[in-house]
Amino acid sequence: MMRPVGSLAAGIAFVAGLIVLSATHGIAAPADLPRTEDELARTVTRAIEGRDYDTFEAMVFWKDAGKIKKRIVAFQIRSGLGRKVRSVAIEPFDPHKLDALLADGRHAVNLDVTHLVRVVYDEPRSAVTGKPPTSVFLAGRKDDAFRIALVVRTFEDDDDDD
């Protein structure tokens, strides 16, 4: 189950830790991917509410994601599917928001991030934080279409080979 994200930094850290998807590599043709911010918001909303994992899988840019990261991302995306969406906001991304996470050089973003996709679910606010359940995705452009970016390892790890 998705947990509410308290702050932008916590949201980015949450997404960075969880954005890594399934072992299958569904690659959509660029024409099938959202090209505008409005299309991105509509595509994400329809995929979540329609339980459409394949659409999310096609939007994720899988480059350099190991098998463990793919499984974690797949789980995280699937746990959000079927929920009612209150709103989807496409926000400009401040590239310095990830500086602390990437400072040690052991991780990198696999795509230039230009936007945050903030999904607020139509569910009761958290009793702990008072905030509605929210998911945040990193997004950028690849071949003139929006894709979901991942934070990936930059070091070798035998347990995370493809």
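Me: Which residues are buried on each side of β5?

Reply: Buried means under 20% relative accessible area, exposed means over 50%, and partly exposed is in between (1.4 Å probe, protein chains only). In β5, A145 and R147 are buried on one side, while F146 and I148 are buried on the other, which leaves both faces covered. Keep in mind that this is a predicted model: local features need pLDDT of at least 70, side-chain atom pairs count only at pLDDT 80 or more, and totals for chains, interfaces and linings use all residues. Residues are numbered from 1 along each chain as its sequence is written, and side-chain values use heavy atoms, with hydrogens and water left out.

Me: OK, how many helices and strands does the protein chain have?

Reply: Helices (H or I, at least four residues) and strands (E, at least two) are DSSP runs, numbered from the N terminus. Here you'll find five helices and six strands. Going along the sequence, the pattern is α-α-α-α-β-α-β-β-β-β-β. Of the chain's 162 residues, 44% count as buried.

Me: In what order do the four strands sit in the open sheet?

Reply: Strands pair if DSSP finds at least two bridges between them. The order is β1-β3-β4-β5, with antiparallel pairing. At the edges sit β1 (85–92) and β5 (145–148), each pairing on one side only. Axes are lines fitted to C-alpha atoms (for helices, over the stretch in contact), and angles run from 0 to 180 degrees between N-to-C directions. With direction ignored, neighbouring strands of this sheet are turned by 30 degrees against each other on average.

Me: How many bridges join β3 to β4?

Reply: Six, between residues 115–121 of β3 and residues 134–142 of β4.

Me: Which strands does helix α2 lie across?

Reply: Helix α2 (residues 37–49) lies across β1, β3, β4 and β5, running at about 145 degrees to β1.

Me: And which residues have the most contacts inside the largest nonpolar core?

Reply: Nonpolar side chains tend to be buried together in soluble globular proteins. A nonpolar core is a set of buried Ala, Val, Leu, Ile, Met, Phe, Trp, Tyr and Cys residues joined through side-chain atoms within 4.5 Å. The largest one here has 30 residues, and L40, V44, F56, V88, V117 and V119 have the most contacts inside it. Helix α2 gives this core its largest share, five residues. Apart from it lies another core of 10 residues, including L98 and L116.

Me: What is V119 in contact with, leaving aside neighbours within four places in sequence?

Reply: Contact means heavy atoms within 4.5 Å. The partners of V119 include V44, I48, V85, V88 and F137.
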